[in-house]
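I opened my notebook to look up a few contacts in this structure. Here is what I wrote down, entry by entry.

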Amino acid sequence: MSSKQHDYSDALSKSILFFEGQRSGYLPNDQRVRWRRNSGLSDGWTHNTDLTGGYYDAGDNVKFNFPMAFTTTMLAWSVIEFGELMPPPELRNALVALRWSSDYLLKSVSQLPNRIFVQVGDPIADHNCWERPEDMDTPRTAYVVNAPNPASEVAGEITAALSAASIAVRSSDPGYSQTLLQNAVKTFQFADMHRGAYSSNDDIKNDVCPFYCDFNGFQDELLWGAAWLRKGTGDESYLSYIESNREPFGASENVDEFGWDNKIGGLNVLVSKEVIAGNMYNLEAYKASAESFMCSLVPESPGQHVEYTPGGLLYKPGGSQLQHATTISFLLLVYAQYLSRSSLSLNCGSLSVPPDHLRRLAKKQVDYILGENPMGLSYMVGYGERYPKRIHHRGSSLPSIVDHPGTIGCKDGSVYFNSTEPNPNVLIGAVVGGPEEDDKYDDDRSDFRKSEPTTYINAPFVGVLAYFAANPSFS
(Lines give C-alpha, C1' and ligand atoms only; values in the text may rest on other atoms or scores of the structure.)
Protein backbone atom coordinates (compact mmCIF):
# COMPACT_ATOMS: atom_id res chain seq x y z
CA MET A 1 0.00 0.00 0.00
CA SER A 2 1.51 3.32 -0.98
CA SER A 3 1.35 6.20 1.46
CA LYS A 4 -0.88 8.18 -0.92
CA GLN A 5 -3.61 5.56 -0.58
CA HIS A 6 -4.02 5.89 3.17
CA ASP A 7 -7.39 7.23 4.23
CA TYR A 8 -6.32 9.19 7.30
CA SER A 9 -9.85 10.51 7.80
CA ASP A 10 -11.18 6.97 8.06
CA ALA A 11 -8.39 6.05 10.48
CA LEU A 12 -9.15 9.14 12.57
CA SER A 13 -12.83 8.24 12.86
CA LYS A 14 -11.98 4.69 13.86
CA SER A 15 -9.30 5.72 16.37
CA ILE A 16 -11.96 7.70 18.27
CA LEU A 17 -14.67 5.04 17.90
CA PHE A 18 -12.37 2.59 19.71
CA PHE A 19 -12.98 4.37 23.01
CA GLU A 20 -16.66 3.45 22.94
CA GLY A 21 -15.63 -0.21 23.08
CA GLN A 22 -13.65 0.50 26.27
CA ARG A 23 -16.46 2.22 28.15
CA SER A 24 -17.43 1.19 31.65
CA GLY A 25 -20.70 2.18 33.31
CA TYR A 26 -24.12 3.00 31.87
CA LEU A 27 -23.91 3.22 28.09
CA PRO A 28 -25.86 5.99 26.35
CA ASN A 29 -28.53 5.54 23.69
CA ASP A 30 -26.17 6.77 20.99
CA GLN A 31 -23.54 4.11 21.80
CA ARG A 32 -22.09 3.07 18.43
CA VAL A 33 -20.24 -0.09 19.51
CA ARG A 34 -23.41 -2.11 19.78
CA TRP A 35 -21.94 -5.38 21.04
CA ARG A 36 -21.10 -3.70 24.36
CA ARG A 37 -23.59 -3.23 27.21
CA ASN A 38 -23.65 -1.67 30.71
CA SER A 39 -20.95 -2.88 33.12
CA GLY A 40 -19.31 -2.01 36.44
CA LEU A 41 -22.52 -0.44 37.73
CA SER A 42 -21.68 -1.00 41.40
CA ASP A 43 -18.18 0.47 41.19
CA GLY A 44 -17.47 2.45 44.35
CA TRP A 45 -20.28 0.98 46.47
CA THR A 46 -17.86 -0.37 49.11
CA HIS A 47 -16.95 3.26 49.88
CA ASN A 48 -20.50 4.55 49.40
CA THR A 49 -19.20 6.50 46.40
CA ASP A 50 -20.18 6.54 42.74
CA LEU A 51 -17.14 5.42 40.75
CA THR A 52 -19.03 4.27 37.66
CA GLY A 53 -17.86 5.26 34.21
CA GLY A 54 -14.38 5.70 32.82
CA TYR A 55 -12.49 3.27 30.62
CA TYR A 56 -11.09 -0.22 30.89
CA ASP A 57 -7.51 0.52 29.99
CA ALA A 58 -6.79 -2.42 27.72
CA GLY A 59 -8.06 -5.96 27.18
CA ASP A 60 -9.01 -6.50 30.81
CA ASN A 61 -11.84 -5.15 32.96
CA VAL A 62 -9.90 -3.04 35.47
CA LYS A 63 -9.97 0.75 35.71
CA PHE A 64 -6.40 1.84 36.39
CA ASN A 65 -6.59 5.57 37.08
CA PHE A 66 -2.92 6.24 36.34
CA PRO A 67 -2.91 5.22 32.66
CA MET A 68 -6.52 6.39 32.32
CA ALA A 69 -5.47 9.88 33.39
CA PHE A 70 -2.61 9.84 30.87
CA THR A 71 -5.09 8.74 28.20
CA THR A 72 -7.28 11.70 29.18
CA THR A 73 -4.37 14.13 29.02
CA MET A 74 -3.43 12.93 25.54
CA LEU A 75 -7.00 13.05 24.23
CA ALA A 76 -7.22 16.61 25.53
CA TRP A 77 -3.83 17.59 24.09
CA SER A 78 -4.92 16.10 20.76
CA VAL A 79 -7.95 18.41 20.77
CA ILE A 80 -5.95 21.43 21.96
CA GLU A 81 -3.33 21.14 19.21
CA PHE A 82 -5.30 19.58 16.34
CA GLY A 83 -9.00 19.93 17.17
CA GLU A 84 -9.46 22.82 14.76
CA LEU A 85 -8.29 20.50 11.96
CA MET A 86 -10.90 17.84 12.76
CA PRO A 87 -14.19 17.67 10.86
CA PRO A 88 -16.93 18.92 13.25
CA PRO A 89 -18.47 15.45 13.79
CA GLU A 90 -15.10 13.97 14.75
CA LEU A 91 -14.24 16.88 17.02
CA ARG A 92 -17.56 16.27 18.74
CA ASN A 93 -16.79 12.55 19.06
CA ALA A 94 -13.32 13.33 20.43
CA LEU A 95 -14.81 15.66 23.05
CA VAL A 96 -17.33 12.98 24.03
CA ALA A 97 -14.50 10.46 24.42
CA LEU A 98 -12.60 12.99 26.52
CA ARG A 99 -15.55 13.75 28.77
CA TRP A 100 -16.22 10.05 29.37
CA SER A 101 -12.92 9.83 31.22
CA SER A 102 -12.78 13.34 32.71
CA ASP A 103 -16.21 12.80 34.32
CA TYR A 104 -14.85 9.64 35.95
CA LEU A 105 -11.65 11.34 37.10
CA LEU A 106 -13.74 14.06 38.77
CA LYS A 107 -15.43 11.30 40.76
CA SER A 108 -12.05 9.85 41.75
CA VAL A 109 -10.99 13.17 43.31
CA SER A 110 -14.39 14.11 44.75
CA GLN A 111 -13.29 13.38 48.34
CA LEU A 112 -10.23 15.60 48.36
CA PRO A 113 -8.42 17.13 50.18
CA ASN A 114 -7.97 13.95 52.20
CA ARG A 115 -8.78 11.03 49.90
CA ILE A 116 -8.16 10.03 46.30
CA PHE A 117 -9.29 6.89 44.45
CA VAL A 118 -6.59 5.33 42.29
CA GLN A 119 -8.10 2.13 40.84
CA VAL A 120 -11.28 0.06 40.59
CA GLY A 121 -11.17 -3.72 40.21
CA ASP A 122 -8.96 -6.42 41.72
CA PRO A 123 -6.41 -6.96 38.93
CA ILE A 124 -5.16 -10.34 40.19
CA ALA A 125 -8.67 -11.80 40.22
CA ASP A 126 -9.55 -10.10 36.95
CA HIS A 127 -6.50 -11.41 35.14
CA ASN A 128 -7.30 -14.93 36.34
CA CYS A 129 -10.61 -14.75 34.49
CA TRP A 130 -11.56 -14.41 30.85
CA GLU A 131 -15.02 -12.90 30.94
CA ARG A 132 -16.99 -10.05 29.43
CA PRO A 133 -17.18 -6.81 31.40
CA GLU A 134 -20.96 -7.27 31.45
CA ASP A 135 -20.52 -10.57 33.36
CA MET A 136 -17.87 -9.50 35.86
CA ASP A 137 -18.10 -11.41 39.15
CA THR A 138 -14.58 -10.60 40.36
CA PRO A 139 -14.13 -8.14 43.27
CA ARG A 140 -14.67 -4.54 42.19
CA THR A 141 -12.37 -3.28 44.91
CA ALA A 142 -12.00 0.50 44.99
CA TYR A 143 -8.40 1.30 45.87
CA VAL A 144 -8.05 4.48 47.88
CA VAL A 145 -5.19 6.56 49.26
CA ASN A 146 -5.90 8.61 52.36
CA ALA A 147 -3.75 11.55 53.45
CA PRO A 148 -1.02 11.76 54.57
CA ASN A 149 -0.19 8.70 52.47
CA PRO A 150 1.16 9.65 49.03
CA ALA A 151 -0.15 9.17 45.51
CA SER A 152 1.86 11.81 43.71
CA GLU A 153 2.23 10.10 40.35
CA VAL A 154 -1.49 9.35 40.02
CA ALA A 155 -2.60 12.70 41.45
CA GLY A 156 -0.04 14.53 39.30
CA GLU A 157 -1.31 12.86 36.15
CA ILE A 158 -4.94 13.48 37.10
CA THR A 159 -3.97 17.13 37.59
CA ALA A 160 -2.57 17.20 34.06
CA ALA A 161 -5.66 15.42 32.69
CA LEU A 162 -8.19 17.76 34.30
CA SER A 163 -6.16 20.86 33.40
CA ALA A 164 -5.72 19.80 29.78
CA ALA A 165 -9.39 18.80 29.52
CA SER A 166 -10.42 22.19 30.90
CA ILE A 167 -8.54 23.88 28.05
CA ALA A 168 -9.95 21.50 25.44
CA VAL A 169 -13.59 22.18 26.44
CA ARG A 170 -13.24 25.86 27.38
CA SER A 171 -14.93 27.22 24.26
CA SER A 172 -17.69 24.61 24.09
CA ASP A 173 -18.53 24.30 27.79
CA PRO A 174 -16.97 27.07 29.92
CA GLY A 175 -18.81 26.02 33.11
CA TYR A 176 -17.53 22.45 32.92
CA SER A 177 -14.08 23.79 32.05
CA GLN A 178 -14.03 25.79 35.28
CA THR A 179 -15.10 22.73 37.31
CA LEU A 180 -12.26 20.71 35.81
CA LEU A 181 -9.72 23.41 36.56
CA GLN A 182 -10.84 23.90 40.16
CA ASN A 183 -10.52 20.17 40.78
CA ALA A 184 -7.13 20.09 39.07
CA VAL A 185 -5.85 22.69 41.55
CA LYS A 186 -7.09 20.63 44.51
CA THR A 187 -5.61 17.45 43.09
CA PHE A 188 -2.22 19.05 42.63
CA GLN A 189 -2.25 20.27 46.22
CA PHE A 190 -2.71 16.65 47.35
CA ALA A 191 0.03 15.43 44.98
CA ASP A 192 2.55 18.03 46.10
CA MET A 193 1.73 18.12 49.81
CA HIS A 194 1.99 14.33 50.26
CA ARG A 195 4.95 13.52 48.05
CA GLY A 196 5.64 9.90 47.22
CA ALA A 197 4.52 7.01 45.06
CA TYR A 198 1.12 5.38 45.46
CA SER A 199 2.81 2.01 45.15
CA SER A 200 4.60 2.72 48.46
CA ASN A 201 1.31 2.19 50.36
CA ASP A 202 1.51 -1.32 51.78
CA ASP A 203 -2.22 -1.97 51.60
CA ILE A 204 -2.45 -1.41 47.82
CA LYS A 205 1.02 -1.92 46.34
CA ASN A 206 0.55 -5.62 45.59
CA ASP A 207 -2.53 -4.79 43.54
CA VAL A 208 -1.12 -1.86 41.57
CA CYS A 209 2.26 -3.47 40.92
CA PRO A 210 3.45 -4.92 38.63
CA PHE A 211 0.64 -3.58 36.44
CA TYR A 212 1.00 0.19 36.65
CA CYS A 213 3.82 1.07 39.01
CA ASP A 214 5.74 4.14 37.98
CA PHE A 215 9.32 2.91 37.96
CA ASN A 216 10.59 6.34 36.89
CA GLY A 217 9.54 8.04 40.12
CA PHE A 218 6.72 10.48 40.81
CA GLN A 219 8.58 13.75 40.34
CA ASP A 220 7.97 13.95 36.58
CA GLU A 221 4.22 13.83 37.20
CA LEU A 222 4.49 16.74 39.65
CA LEU A 223 6.25 18.85 37.02
CA TRP A 224 3.86 17.64 34.30
CA GLY A 225 0.82 18.50 36.42
CA ALA A 226 2.23 21.93 37.29
CA ALA A 227 3.02 22.62 33.62
CA TRP A 228 -0.55 21.88 32.60
CA LEU A 229 -1.89 23.98 35.49
CA ARG A 230 0.30 26.83 34.29
CA LYS A 231 -1.21 26.42 30.82
CA GLY A 232 -4.74 26.17 32.19
CA THR A 233 -4.65 28.94 34.79
CA GLY A 234 -1.90 31.28 33.64
CA ASP A 235 -0.80 31.39 37.28
CA GLU A 236 2.83 32.49 37.63
CA SER A 237 3.35 30.29 40.71
CA TYR A 238 3.26 27.17 38.53
CA LEU A 239 5.83 28.74 36.25
CA SER A 240 8.11 29.22 39.25
CA TYR A 241 7.43 25.62 40.33
CA ILE A 242 8.54 24.05 37.07
CA GLU A 243 11.53 26.37 36.85
CA SER A 244 12.85 25.81 40.38
CA ASN A 245 12.13 22.07 40.60
CA ARG A 246 13.62 20.90 37.32
CA GLU A 247 17.00 20.05 38.82
CA PRO A 248 15.84 18.81 42.26
CA PHE A 249 13.27 16.53 40.61
CA GLY A 250 15.84 14.98 38.29
CA ALA A 251 14.24 16.30 35.11
CA SER A 252 17.47 17.77 33.77
CA GLU A 253 18.65 14.53 32.17
CA ASN A 254 17.92 14.14 28.47
CA VAL A 255 15.15 11.57 28.06
CA ASP A 256 14.10 10.08 24.72
CA GLU A 257 10.76 8.60 25.72
CA PHE A 258 7.24 9.63 26.61
CA GLY A 259 4.41 7.49 27.93
CA TRP A 260 2.13 6.70 30.86
CA ASP A 261 5.08 6.14 33.22
CA ASN A 262 7.55 8.78 31.99
CA LYS A 263 6.40 12.31 31.23
CA ILE A 264 9.77 14.03 30.75
CA GLY A 265 9.77 13.92 26.93
CA GLY A 266 6.29 15.44 26.76
CA LEU A 267 7.00 17.88 29.57
CA ASN A 268 10.00 19.30 27.73
CA VAL A 269 8.00 19.77 24.53
CA LEU A 270 5.02 21.31 26.34
CA VAL A 271 7.14 23.79 28.30
CA SER A 272 9.29 24.64 25.28
CA LYS A 273 6.29 26.46 23.81
CA GLU A 274 6.68 29.03 26.62
CA VAL A 275 10.19 29.70 25.29
CA ILE A 276 9.47 29.54 21.55
CA ALA A 277 6.22 31.52 21.57
CA GLY A 278 6.42 33.43 24.86
CA ASN A 279 10.10 34.30 25.17
CA MET A 280 10.25 32.71 28.65
CA TYR A 281 14.02 32.28 28.49
CA ASN A 282 14.21 31.25 32.14
CA LEU A 283 12.76 27.94 30.87
CA GLU A 284 15.37 27.58 28.12
CA ALA A 285 16.69 24.36 29.71
CA TYR A 286 13.38 22.62 28.94
CA LYS A 287 13.59 23.70 25.30
CA ALA A 288 17.20 22.50 25.08
CA SER A 289 16.12 19.06 26.33
CA ALA A 290 13.20 19.00 23.90
CA GLU A 291 15.57 19.79 21.04
CA SER A 292 17.94 17.05 22.15
CA PHE A 293 15.02 14.59 22.13
CA MET A 294 13.87 15.72 18.68
CA CYS A 295 17.40 15.50 17.30
CA SER A 296 17.74 11.93 18.61
CA LEU A 297 14.82 11.02 16.32
CA VAL A 298 16.52 12.44 13.22
CA PRO A 299 18.81 9.72 11.79
CA GLU A 300 20.97 12.27 9.91
CA SER A 301 21.75 14.32 13.00
CA PRO A 302 24.98 13.99 15.00
CA GLY A 303 24.98 12.35 18.42
CA GLN A 304 22.98 9.50 19.91
CA HIS A 305 19.83 8.26 18.25
CA VAL A 306 16.80 6.23 19.17
CA GLU A 307 16.53 2.79 17.61
CA TYR A 308 14.41 1.92 14.61
CA THR A 309 13.52 -1.57 13.40
CA PRO A 310 14.69 -2.64 9.91
CA GLY A 311 11.19 -1.79 8.70
CA GLY A 312 11.37 1.72 10.17
CA LEU A 313 9.36 1.44 13.40
CA LEU A 314 10.63 3.42 16.37
CA TYR A 315 11.76 0.80 18.86
CA LYS A 316 12.12 0.69 22.65
CA PRO A 317 12.90 -2.43 24.72
CA GLY A 318 9.81 -3.98 26.29
CA GLY A 319 6.33 -4.80 25.06
CA SER A 320 3.60 -2.77 23.41
CA GLN A 321 5.90 -1.07 20.91
CA LEU A 322 3.28 1.07 19.24
CA GLN A 323 2.72 3.12 22.38
CA HIS A 324 6.10 4.71 21.67
CA ALA A 325 5.34 5.23 17.99
CA THR A 326 2.08 7.06 18.70
CA THR A 327 3.27 9.23 21.61
CA ILE A 328 6.53 10.24 19.96
CA SER A 329 4.85 10.90 16.60
CA PHE A 330 2.52 13.20 18.48
CA LEU A 331 5.45 15.10 20.02
CA LEU A 332 7.15 15.40 16.63
CA LEU A 333 4.06 17.04 15.15
CA VAL A 334 3.49 19.31 18.14
CA TYR A 335 7.09 20.51 18.19
CA ALA A 336 6.95 21.06 14.43
CA GLN A 337 3.84 23.22 14.99
CA TYR A 338 5.60 25.31 17.63
CA LEU A 339 8.60 25.86 15.36
CA SER A 340 6.48 26.65 12.29
CA ARG A 341 4.43 29.30 14.07
CA SER A 342 7.63 31.13 14.97
CA SER A 343 9.34 30.47 11.61
CA LEU A 344 12.10 28.46 13.29
CA SER A 345 13.98 25.26 12.53
CA LEU A 346 15.41 22.59 14.81
CA ASN A 347 19.14 22.91 15.34
CA CYS A 348 20.96 19.58 15.69
CA GLY A 349 24.58 20.59 15.94
CA SER A 350 25.58 21.84 12.48
CA LEU A 351 22.40 20.39 10.95
CA SER A 352 19.34 22.62 10.55
CA VAL A 353 16.15 20.53 10.47
CA PRO A 354 13.00 22.23 9.12
CA PRO A 355 9.63 21.46 10.78
CA ASP A 356 8.42 19.47 7.77
CA HIS A 357 11.24 17.00 8.31
CA LEU A 358 9.84 16.23 11.78
CA ARG A 359 6.41 15.79 10.21
CA ARG A 360 7.84 13.30 7.71
CA LEU A 361 9.34 11.28 10.56
CA ALA A 362 5.92 11.19 12.23
CA LYS A 363 4.22 10.25 8.96
CA LYS A 364 6.56 7.30 8.52
CA GLN A 365 5.43 5.94 11.91
CA VAL A 366 1.76 6.52 11.06
CA ASP A 367 2.08 4.79 7.70
CA TYR A 368 3.91 1.87 9.31
CA ILE A 369 1.01 1.41 11.75
CA LEU A 370 -1.54 1.65 8.94
CA GLY A 371 0.09 -1.05 6.81
CA GLU A 372 3.40 0.10 5.30
CA ASN A 373 5.50 -2.47 7.11
CA PRO A 374 7.24 -5.77 6.33
CA MET A 375 4.12 -7.72 7.37
CA GLY A 376 1.87 -5.71 5.07
CA LEU A 377 -0.51 -5.58 8.04
CA SER A 378 -2.49 -2.68 9.45
CA TYR A 379 -2.06 -2.61 13.20
CA MET A 380 -5.34 -0.74 13.57
CA VAL A 381 -8.23 -3.18 13.87
CA GLY A 382 -10.85 -2.62 11.18
CA TYR A 383 -8.63 -0.42 9.01
CA GLY A 384 -7.37 -1.70 5.66
CA GLU A 385 -7.74 -5.15 4.16
CA ARG A 386 -5.47 -7.01 6.60
CA TYR A 387 -5.43 -6.35 10.34
CA PRO A 388 -5.18 -8.40 13.58
CA LYS A 389 -8.22 -10.65 14.08
CA ARG A 390 -7.27 -12.32 17.38
CA ILE A 391 -6.55 -9.42 19.70
CA HIS A 392 -6.01 -9.91 23.44
CA HIS A 393 -9.29 -8.38 24.56
CA ARG A 394 -12.00 -10.01 26.64
CA GLY A 395 -15.05 -8.23 25.28
CA SER A 396 -13.93 -8.58 21.68
CA SER A 397 -13.03 -12.28 21.91
CA LEU A 398 -16.15 -13.52 23.72
CA PRO A 399 -19.63 -13.76 22.17
CA SER A 400 -21.57 -10.56 22.78
CA ILE A 401 -24.59 -10.28 25.07
CA VAL A 402 -26.65 -9.92 21.89
CA ASP A 403 -25.52 -13.30 20.54
CA HIS A 404 -25.11 -15.09 23.88
CA PRO A 405 -27.43 -13.57 26.51
CA GLY A 406 -26.48 -16.13 29.17
CA THR A 407 -23.63 -15.49 31.59
CA ILE A 408 -20.15 -16.69 30.62
CA GLY A 409 -18.34 -17.30 33.90
CA CYS A 410 -14.78 -16.63 34.96
CA LYS A 411 -13.25 -19.85 33.63
CA ASP A 412 -15.92 -20.55 31.00
CA GLY A 413 -14.27 -17.97 28.76
CA SER A 414 -11.07 -20.00 28.50
CA VAL A 415 -12.36 -21.93 25.49
CA TYR A 416 -12.68 -18.62 23.62
CA PHE A 417 -9.29 -17.39 24.81
CA ASN A 418 -7.64 -20.58 23.54
CA SER A 419 -9.56 -20.64 20.27
CA THR A 420 -7.71 -20.01 17.01
CA GLU A 421 -10.85 -18.46 15.51
CA PRO A 422 -10.99 -14.70 14.88
CA ASN A 423 -12.63 -12.60 17.59
CA PRO A 424 -16.40 -12.46 17.04
CA ASN A 425 -16.63 -8.74 17.87
CA VAL A 426 -14.42 -6.37 15.89
CA LEU A 427 -13.05 -3.63 18.15
CA ILE A 428 -12.84 -1.07 15.36
CA GLY A 429 -10.03 1.45 15.69
CA ALA A 430 -8.03 -0.43 18.33
CA VAL A 431 -4.28 -0.15 17.80
CA VAL A 432 -2.58 -3.27 19.14
CA GLY A 433 0.79 -3.47 20.91
CA GLY A 434 2.46 -4.29 17.61
CA PRO A 435 5.61 -6.11 16.49
CA GLU A 436 9.00 -6.31 18.18
CA GLU A 437 12.42 -5.36 16.87
CA ASP A 438 12.27 -7.89 14.00
CA ASP A 439 9.06 -6.31 12.58
CA LYS A 440 7.29 -9.68 12.94
CA TYR A 441 3.78 -10.09 14.28
CA ASP A 442 1.91 -13.28 15.04
CA ASP A 443 -1.84 -12.84 15.29
CA ASP A 444 -1.90 -14.59 18.65
CA ARG A 445 -4.42 -13.70 21.37
CA SER A 446 -2.20 -15.08 24.13
CA ASP A 447 0.75 -12.83 23.24
CA PHE A 448 -0.57 -9.76 25.06
CA ARG A 449 2.59 -7.72 24.54
CA LYS A 450 1.86 -7.69 20.81
CA SER A 451 -1.88 -8.25 20.51
CA GLU A 452 -3.39 -6.17 23.33
CA PRO A 453 -4.74 -2.70 22.52
CA THR A 454 -4.67 0.07 25.12
CA THR A 455 -6.33 3.46 25.49
CA TYR A 456 -2.96 5.16 25.85
CA ILE A 457 -1.77 3.87 22.47
CA ASN A 458 -4.84 5.34 20.77
CA ALA A 459 -5.18 8.67 22.59
CA PRO A 460 -2.14 10.46 21.07
CA PHE A 461 -2.87 8.81 17.72
CA VAL A 462 -6.13 10.79 17.56
CA GLY A 463 -4.17 14.03 17.32
CA VAL A 464 -1.62 12.59 14.89
CA LEU A 465 -4.31 11.30 12.54
CA ALA A 466 -6.20 14.59 12.76
CA TYR A 467 -3.13 16.36 11.37
CA PHE A 468 -2.65 13.99 8.43
CA ALA A 469 -6.37 13.78 7.71
CA ALA A 470 -6.31 17.56 7.29
CA ASN A 471 -3.07 17.37 5.26
CA PRO A 472 -3.54 14.17 3.21
CA SER A 473 -1.14 15.18 0.47
CA PHE A 474 1.74 15.92 2.84
CA SER A 475 4.85 14.00 1.81
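**Entry 1: a salt-bridge network.** I looked up Glu 20, Arg 23 and Arg 32 and found them linked in a network of salt bridges. For this I take a salt bridge as a side-chain nitrogen of Lys or Arg within 4 Å of a carboxyl oxygen of Asp or Glu. Glu 20 and Arg 23 are both buried (buried means under 20% relative accessible area, exposed over 50%, partly exposed in between, with a 1.4 Å probe and protein chains only).

A note on the source: this is a predicted model, in which local features need pLDDT of at least 70 and side-chain atom pairs count only at pLDDT 80 or more, while totals for chains, interfaces and linings use all residues. Residues are numbered from 1 along each chain as its sequence is written, and side-chain values use heavy atoms, with hydrogens and water left out.

**Entry 2: other salt bridges.** How many salt bridges does a search of the whole structure find? I got 21. As a reminder to myself, side chains of opposite charge can pair when their charged atoms come close.

I picked Lys 263 and Glu 157, whose closest N and O atoms are 2.7 Å apart. This pair links distant parts of the chain, 106 residues apart: Lys 263 is in the loop between α9 (236–244) and α10 (264–276), and Glu 157 is in helix α5 (residues 152–168). Helices here are DSSP runs of H or I with at least four residues, strands are runs of E with at least two, and both are numbered from the N terminus. Lys 263 and Glu 157 are both buried.

I then turned to Arg 359 and Asp 356, which form a salt bridge at 2.7 Å, N to O. Both lie in helix α13 (residues 355–369), three residues apart, about one turn of the helix.

**Entry 3: disulfides.** A disulfide is a covalent bond between the sulfur atoms of two cysteines. My search counted a pair of cysteine sulfur atoms within 2.5 Å, and it found two disulfides in the whole structure.

One joins Cys 129 to Cys 410, with 2.0 Å from S to S. Cys 129 lies in the loop between α4 (123–127) and β3 (142–146) and Cys 410 in the loop between α14 (394–397) and α15, so the pair ties together parts that are 281 residues apart in sequence. The torsion about their S-S bond is about -90°, so this disulfide is left-handed. Cys 129 is buried, at 7% relative accessibility.

Another joins Cys 295 to Cys 348, with an S to S distance of 2.0 Å. Cys 295 sits in helix α11 (residues 284–296) and Cys 348 in strand β6 (residues 346–348), so this link ties together parts 53 residues apart in sequence. The link of Cys 295 and Cys 348 is left-handed, with -90° about the S-S bond. Both Cys 295 and Cys 348 are buried.

**Entry 4: a buried leucine.** I found Leu 223 in helix α8 (residues 219–233). Leu 223 counts as buried because its relative accessibility is 0%. I also checked Phe 249, 26 residues from Leu 223 along the chain, and their C-alpha atoms are separated by 8.2 Å.
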